Amino acid sequence: RLMDEAAMAAGKPEATVVAMTREEAEHELQISTWGIWEKEVSKFDWFYSGTELMYILEGEAIATPSGEWSSCKPVSFSVGDLVTFPAGMTATWDVKVPIKKHFAFPFGKPLAK
């Protein structure tokens, strides 16, 4: 309970981006076992029903947190980035170059509707 209050006092968690080679991502995270998702150049709103990890295989995008998450920083990501979005975050995606990614929900989707 104290941890929940401390986390709330610190504000919303940020999305993170870490550069990683495909070989490192495979060795450390077995990304080839994850799902694959692709999207054309577009803009759309998204809700993260669980903490999502993604490894960018192709393309480029910017995700701008929205709603209750709008105080968080936008994140840009492209080929070779490992991106983590926290559960509950809402964001507007702006896909600049058609994107292809591996994705996983390591803790499930507790907020799925």
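From the N terminus on, the elements of this protein run α-β-α-β-β-β-β-β-β, and they amount to 2 helices and 7 strands, where helices (H or I, at least four residues) and strands (E, at least two) are DSSP runs numbered from the N terminus. The model is predicted, with local features needing pLDDT of at least 70 and side-chain atom pairs counting only at pLDDT 80 or more, while totals for chains, interfaces and linings use all residues. Residues are numbered from 1 along each chain as its sequence is written, and side-chain values use heavy atoms, leaving out hydrogens and water.

**Overall form**
- The radius of gyration, taken over C-alpha atoms, is 14 Å, which agrees with the value near 13 Å that a compact globule of 113 residues would have, by the rule of 2.2 Å times the number of residues to the power 0.38.
- Along its principal axes, the C-alpha trace of the protein spans about 40 × 30 × 25 Å.

**Burial and contacts**
- Of the 113 residues, 36% count as buried, that is, under 20% relative accessible area with a 1.4 Å probe and protein chains only.
- Among contacts (heavy atoms within 4.5 Å) with a separation of 6 or more, residues 24 or more positions apart account for 78%.

**The site of Ser49**
- Ser49 has its place in the loop between strand 3 (42–47) and strand 4 (52–65), and Ser49 is buried, with a relative accessible area of 12%.
- Leaving aside neighbours within four places in sequence, Ser49 is in contact with Lys109, Pro110, Leu111 and Ala112.

Terms used:
Buried < 20%, exposed > 50% of the residue type's maximum accessible area, 1.4 Å probe, protein only.
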